[in-house]
Amino acid sequence: MLSFAACGKKPANSPGSQNPGVNQESELGNNPDTSAVPKVTIYFSDDQSMNLVPEVREVSKGKDETMESAVIRELIKGPANKNLGQVIPDGTKLLSSKVVDGVAYVDFSKEFRDNHWGGSAGETMTIYAVVDSLCKLPGIKKVQFLLEGNKQESILNGNMDTSVPIEPDYSLVKQ
């Protein structure tokens, strides 16, 4: 059985809010070096597909790219630590992303489903690597998965309902 946890109670951009996935100083504008690249926490699978393991990265976004798109791009790239496992299937493309009322809508290409290696543990790692990584960003509390522009009852193996926005589950994270 999976448990769900909220991303936090304070607004992500309020002074004193705790969002460990983002470099607070640069996000809040308190850093005198305005060219600083924000640090984000993204998650990958451990070697047993039992837990998510954080990697902190400096992520710069492209001119017209949103921060959530930049985080997904890093997830697609894969882990820097070779002992961690890929969570996004090869060939997957992010078609679009947007945030509306605290929900990040992420639209993946069909390869997200078609090239997935399967299994309920693999599905859990993939879904929560995306959700937990994105919910570390200010203003995101849940993630709605789309496949080629459409909600799916289950995007991967049928074990998880992806027709509704998913809240993070940080209990899966191993430090």
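**Burial, aromatic pairing and salt bridges in the predicted model**

Ser-154 is located in the segment after β5. In this predicted model, Ser-154 counts as partly exposed, at 22% relative accessibility. With residues up to four places away in sequence set aside, Ser-154 touches Glu-123, Asn-159, Met-160 and Thr-162. The C-alpha atoms of Ser-154 and Val-164 are separated by 9.9 Å, the two residues being 10 apart along the chain.

The protein contains four helices and five strands, arranged from the N terminus on in the order α-β-β-α-β-β-α-α-β. Of its 175 residues, 46% are buried. Among contacts with a separation of 6 or more, 59% are accounted for by residues 24 or more positions apart.

The largest nonpolar core comprises 38 residues, of which Leu-75, Val-130, Leu-134, Val-143 and Phe-145 touch the most other members. Two or more residues are given to this core by each of β1 (39–45), β2 (52–58), α2 (67–77), β4 (103–108), α4 (120–134) and β5. The largest share, seven residues, comes from α4. For Leu-75, the contacts beyond four places in sequence are with Ile-42, Tyr-43, Phe-44, Gln-86, Val-87, Ile-88, Ala-129, Val-130 and Ser-133.

Helix α2 is largely enclosed by the rest of the structure, because eight of its 11 residues are buried. The buried positions of α2 are Met-67, Glu-68, Ser-69, Ala-70, Val-71, Ile-72, Glu-74 and Leu-75. These buried residues pack against β1, β2, β3 (94–100), β4 and α4. Gly-78 follows α2 and has a positive phi, near 100°.

A search of the whole structure finds nine salt bridges. Glu-74 forms one of these with Arg-73, the closest N and O atoms lying 3.3 Å apart. A salt bridge also joins the side chains of Glu-74 and Lys-77, at 3.0 Å from N to O. Lys-77 and Glu-74 are both in helix α2, where their spacing of three residues is about one turn of the helix. The burial states of these residues were assigned from relative accessible area: Glu-74 is buried at 6%, Arg-73 is partly exposed at 30%, and Lys-77 is exposed at 58%. Arg-73, Glu-74 and Lys-77 belong to a network of salt bridges that also links Glu-55, Arg-57 and Glu-65.

A further salt bridge is formed by the side chains of Glu-167 and Lys-142, with an N to O distance of 3.9 Å. This pair links distant parts of the chain, with Glu-167 in the segment after β5 and Lys-142 in strand β5, 25 residues apart. Both partners count as partly exposed: Glu-167 has a relative accessibility of 31%, and the value for Lys-142 is 30%.

Asp-132, found in helix α4, is buried yet has no salt bridge. Apart from neighbours within four places in sequence, Asp-132 is in contact with Tyr-43, Leu-52, Pro-168, Asp-169, Tyr-170 and Val-173. The charged end of Lys-136 sits over the ring of Tyr-170, at 4.6 Å from the ring centre.

Aromatic pairing was examined across the whole structure, and the search finds four pairs. The rings of Phe-108 and Phe-112 are stacked, because their centres are 4.2 Å apart and their planes meet at 5°. Phe-108 is buried, with a relative accessible area of 0%, and Phe-112 is likewise buried, at 0%. Phe-112 and Phe-145 form a stacked pair, at 6.1 Å centre to centre and with 20° between the planes. This pair links distant parts of the chain, since Phe-112 lies in helix α3 (residues 111–114) and Phe-145 in strand β5 (residues 142–147), 33 residues apart. Phe-145 is buried, as is Phe-112. Phe-108, Phe-112 and Phe-145 together form one aromatic cluster. Phe-145 is also among the residues that touch the most other members of the largest nonpolar core.

Definitions and conventions
Residues numbered from 1 in each chain as written. Predicted model: local features only at pLDDT ≥ 70, side-chain atom pairs only at ≥ 80, totals over all residues. Heavy atoms only, no water. Phe/Tyr/Trp six-rings, centres within 6.5 Å; stacked < 30°, edge-to-face > 60°. Buried < 20%, exposed > 50% of the residue type's maximum accessible area, 1.4 Å probe, protein only. Lys NZ or Arg CZ within 6 Å of the ring centre and 35° of its normal. Core = buried A, V, L, I, M, F, W, Y, C linked by side-chain atoms within 4.5 Å. Contact = heavy atoms within 4.5 Å. Lys, Arg positive; Asp, Glu negative; His and termini not counted. Salt bridge = Lys/Arg side-chain N within 4 Å of Asp/Glu carboxyl O.
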